Amino acid sequence: MVLQESISTAVDSIRANLLRSLLTTIAIVIGTASVIAMVGIGSSAQRAIDDSITNLSARTLSVYPSRGRGSQKISAAPLSISDADALIKDKEINWRVSPEIRGSKSLKYKNESISISVIGARESYLSILGYEIDQGAFFTERDDLARKRVAIIGSSVGTELKTSSKALVGEDIDLGGVTFKIIGVTKSEGSSGWSNPDEQIYIPLLTASDRVFGRDRVDSIRVEVPNTYTPEEAMISIERVLRREHDIGPGEENNFRINDWSQFTDLQKQATAIFSALLIGIAGISLMVGGIGVMNIMLVSVTERTREIGLRKALGATQQAILLQFIIEAVTLCIIGGIIGVIFGSSLYFLVTVFQDWVFTIPFSAILGSVMFSACVGLFFGIWPARKAAQLEPAVALRYE
Amino acid sequence: MNVIDVKNITKHYLLGTQTVEALRGVSFGIEQGEFIAIMGPSGSGKSTLMNIIGCLDSPTDGTYHLNNQEVSTLEGDELAGIRNKEIGFVFQNFHLLARNSALDNVMLPLKYAGVDKADQLKRGKDALSQVGLDSRMDHQPSELSGGQQQRVAIARALVNNPSILFADEPTGNLDSQTGHDVMQLFHNLHQQGQTIILITHENEVAAEAQRTIFIKDGLIESDIRKEKL
């Protein structure tokens, strides 16, 4: 009964000073809006990362030679082309395998000379990594076996040579003293963080091994796992084949390592979590500032309405009834701010999802949580002004000018 | 039987470092159904006496029995309960809530009494028709004349069937005609047996009452009963 009366009085009083009330809640609005936008953007970004990983990276495993760290038992055992061939020959899982020989060479074309990252690989390499050809073609198995001097360049290599990549198709270039014919250009992929595929040059594995680098030691082996197997199953199979190839006895440690992309994902998850925590912190500060603003306006309101409080007390309002009335007013003010904040935050988040092409999902718990938190801010900061009101002497308050 | 029994009431205020003796020992009784005026110049202690009799304040010393209940020792919320049930206030400047309808204003004491909603509406409407305002129930104070506003305030004072109707300069903000109408309303209520205490400094208004108590310098100067005509 008294509660209902208090709520309607609170709403009336907020409506009577609408502009002032809304200005008071701005900090609450900003706080809640940033919480909602953050939670939304965070979960969408996470989902986008997860999706891209299940789409591509988690299906591609990379095998690297072990860096003989700590334990002396592990002798340096490089990966070789024959290791890759052994994986290809193993038919337990119908994976696709390409070793990768990587090195830096100078590339000369006409009067230009640049240093470039050279990758020697199998003809399956490009599709294993999910890259595509923009113009021309990738080399074939026949090109590889024939150790042909053909090359495919990344989309921005041409620019570095003061021409366009597409114009270079069919041209001869000099790569570390060997003449290559450019037969294709890849589509732009963008930097992956460690390396930029657009600035690389791809040549057949055996050409790289015999004519350019003079070694059959490879830097890594890429394995694309078919959808019918999990990365974990594939890792066990790779381990089995390579332990056999490397003559590793039972109980001995692997002298190679297999990376899936989960480490990378974990890192990204961690970064996202730190970022979110930071923004939640800012939102928290903003809500505190908002609470102080609400407290300030409530103190003004109590002073302005001293005579009304006196009257209510004269008519029989208890201290508790007055306390409740003003606390409810503060809480209502904050809840309104919270709701406006949820609307703003969701709109902001929606805009981001539209531009980023993300899925729009706000967890209901986030909405409820942030509005509840706003209410708690109102409760906390409303107590002091409400106590001030409740403790007014009725005889004095009635005659307050 | 006395509704109000006041014995040797004193009230001291601390104003800065100085003690002000607003009341220096006041005793009187008011019978059920009396229509009484309390008069006195400003600074006489009239307002202090009114606050104590109206249970808005407690005396420093002395006893105050309201309906045979000792109330001078009560504090805070206990006094709020007494005010709610036993006393109906009418103020000089009406003291209506500006954004509430006449009916909502009248129902306010019932809300604090915890009366259920249906009863609130019924009693609120009854009180408004008692003061002749049943057609203006949904109007806000700004839509009512001064006389009408004061009648809403009187309805609000009556709604909880108080022992005492307490009117502090009820005609102070009204022109003489509406003031006269309001006084007529008080007479009607008095006819029905309502105990009324009128606080005023106007002789004309005080002359309407059966009995007048004059307060001066914190003491009763005179207590005059009019002979019945």
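Which residue is the bridge partner of A:Leu61 in E11(A)? Hi everyone, the partner is A:Val223. Before I go on, this is a predicted model, so local features need pLDDT of at least 70 and side-chain atom pairs count only at pLDDT 80 or more, while totals for chains, interfaces and linings use all residues. Residues are numbered from 1 along each chain as its sequence is written, with chains lettered from A and ligands numbered from 1 in the order in which they are written.

Let me stay with that strand of chain A. Helices (H or I, at least four residues) and strands (E, at least two) are DSSP runs, numbered from the N terminus. Strands pair if DSSP finds at least two bridges between them. Strand E11 (residues 220-224) of chain A runs antiparallel to strand E1 (residues 60-65) of chain A, and four bridges join them. E11(A) also pairs with strand E3 (residues 96-109) of chain A, again in the antiparallel sense, over five bridges. There, A:Arg222 in E11(A) has A:Ser98 opposite.

Now to chain B, whose secondary structure comes to seven helices and 10 strands. One open sheet here has four strands in the order E2-E1-E4-E5, with antiparallel pairing. Its edge strands, each pairing on one side only, are E2 (18-31) and E5 (69-70) of chain B. Inside chain B, strand E1 (residues 2-15) and strand E4 (residues 61-66) share five bridges in the antiparallel sense, and B:Tyr64 in E4(B) stands opposite B:Val6.

Have a look at B:Ser72, in the loop between E5 and helix H2 (76-86) of chain B. The scale is buried at 20 or more other C-beta atoms within 10 Å of a residue's own, exposed at 12 or fewer, and partly exposed in between, with C-beta atoms placed from the backbone. Contact means that two such C-beta atoms lie within 7 Å. Not counting residues up to four places away in sequence, B:Ser72 touches B:Ser58, B:Pro59, B:Gly62, B:Thr63 and B:Tyr64. B:Ile9 is 63 residues from B:Ser72 in sequence, yet their C-alpha atoms are 9.3 Å apart.

On to the cores. A nonpolar core is a set of buried Ala, Val, Leu, Ile, Met, Phe, Trp, Tyr and Cys residues joined through C-beta atoms within 7 Å. The largest has 114 residues, and B:Ile38 and B:Ala155 have the most contacts inside it. Helix H13 (residues 319-356) of chain A gives the most to this core, with 15 residues. Another core, of 48 residues, lies apart from it and includes our opening residue, A:Leu61, along with A:Phe256.

Finally, where the chains meet, 17 residues of chain A are in contact with 19 residues of chain B. On the chain A side, helix H1 (2-16), helix H12 (306-314), H13 and helix H15 (394-398) each supply at least two residues. Helix H12(A) is mostly covered, with seven of its nine residues buried. Among those buried are A:Leu311 and A:Arg312. The cover includes H13, helix H14 (364-390) and H15 of chain A, together with H2 and strand E6 (87-90) of chain B. Just after H12(A), A:Gly316 takes a positive phi of about 115°.
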